[in-house]
Amino acid sequence: MVSSPSFRSRRFASRKVVPTQQVLVFCLRQVWFALPIQVISKVIPIETLHRVGSASAIGLVLYHQQEIPVLDIYQRIFGHPLAEEPLTYLVIVQNSQGELLGFPLETQPRLQRVPNSAFSALSATYQTESTMRCTQSLIISGETDPPIFFLTFDQLLQAPPMPSPCLPS
């Protein structure tokens with residue numbers, strides 16, 4: 001007796017597989033950003049962030065008896081530090097040398113699966129004229145959803161911090 005494919009297997013066989021990427025999405029001052037999930041090690045609540053001075057662009061978090069340097073992601077993207085806001089979450093990433101670094105956030109980030117077709121390159125004019133750094137593409141999920149700026153991880157790590165006001169330029 002020849003068995004026919006079940007209804008369920010025929011239904012799944014007719015589904016198209018849409019290539020996607022998983023990203024970590026977060027908001028900084030009402031602008032949405034994303035990082036590729038491959039660079040994320042962990043997201044943790046910040047218990048204590050140690051800084052030298054209130055305008056310091058770098059801090060330190062102790063996590064499982066390990067020192068994690070904390071970089072001001074807002075300053076790296078926009079060129080000026082985030083005003084004193086309560087920073088509640090830390091995105092821990094790993095650089096190419098295997099060192100763990102942290103980026104503090106005001107709100108909890110979320111995982112999102114995005115179809116590859118939702119990514120589009122930012123225009124050269126926008127990249128030249130914008131005050132934002134470290135972005136080369138945009139994620140547009142739907143007509144009513146806000147755009148998400150996809151951060152270029154290597155550029156984010158290499159972005160020069162703002163010069164200290166205490167040092168002569």
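Reader: Let's begin with β1 and β2: how many bridges join them?
Author: This is a predicted model, in which local features need pLDDT of at least 70, side-chain atom pairs count only at pLDDT 80 or more, and totals for chains, interfaces and linings use all residues. Residues are numbered from 1 along each chain as its sequence is written, and side-chain values use heavy atoms, with hydrogens and water left out. Strands here are DSSP runs of E with at least two residues, helices are runs of H or I with at least four, and both are numbered from the N terminus; two strands pair if DSSP finds at least two bridges between them. β1 and β2 run antiparallel, and the number of bridges joining them is six.

Reader: Which residue of β2 stands opposite V25?
Author: Strands of a sheet pair through backbone hydrogen bonds, either parallel or antiparallel. For β1 and β2 the sense is antiparallel. Opposite V25 you'll find A34.

Reader: What is the relative accessible area of R29?
Author: R29 sits in the loop between β1 and β2. Buried means under 20% relative accessible area, exposed over 50%, and partly exposed in between (1.4 Å probe, protein chains only). R29 is partly exposed, and its relative accessible area is 36%.

Reader: How far apart in space are R29 and Y74?
Author: In sequence, R29 and Y74 are 45 residues apart. In space, C-alpha to C-alpha, the distance is 9.0 Å.

Reader: Which strands are at the edges of the open sheet of six strands?
Author: The order of this sheet is β9-β1-β2-β12-β11-β10, with mixed pairing. An edge strand pairs on one side only, and here that goes for β9 (110–115) and β10.

Reader: Which residues have the most contacts inside the largest nonpolar core?
Author: A nonpolar core is a set of buried Ala, Val, Leu, Ile, Met, Phe, Trp, Tyr and Cys residues joined through side-chain atoms within 4.5 Å. The largest one here has 25 residues. Those with the most contacts inside it are F33, I73, I77 and L151.

Reader: And which element gives the largest share of this core?
Author: Several elements give two or more residues to the core, including β1 (20–28), β2 (31–36), β12 (148–151) and α4 (153–158). The largest share is four residues, and it comes from α2.

Reader: Is β8 buried or exposed, and how many of its residues are buried?
Author: Both faces of β8 are covered: L100, G102 and P104 are buried on one side, and L101, F103 and L105 on the other. β8 is largely enclosed by the rest of the structure, because the count of buried residues is six of the six.

Reader: Which residue takes a positive phi in the hairpin of β7 and β8?
Author: β7 and β8 pair in the antiparallel sense over six bridges, and I92 stands opposite G102 in β8. The hairpin has five residues between the strands. The one with a positive phi, near 85°, is G98.

Reader: What about C134: is it buried or exposed?
Author: C134 lies in the loop between α3 (124–129) and β11 (135–139). Phi of C134 is near 75°, a positive value in a residue other than glycine. At 6% relative accessibility, C134 counts as buried.

Reader: And Q65, buried or exposed?
Author: Q65 is in the loop between β5 (58–63) and β6 (66–71). Q65 isn't a glycine either, yet has a positive phi of about 60°. With a relative accessibility of 84%, Q65 counts as exposed.

Reader: What kind of aromatic pair do F119 and F150 form?
Author: Rings of Phe, Tyr and Trp (its six-membered ring) pair if their centres lie within 6.5 Å; planes under 30 degrees apart count as stacked, over 60 as edge-to-face and the rest as tilted. The structure holds six such pairs. For F119 and F150, the centres are 5.2 Å apart and the planes are at 90°, so the pair is edge-to-face.
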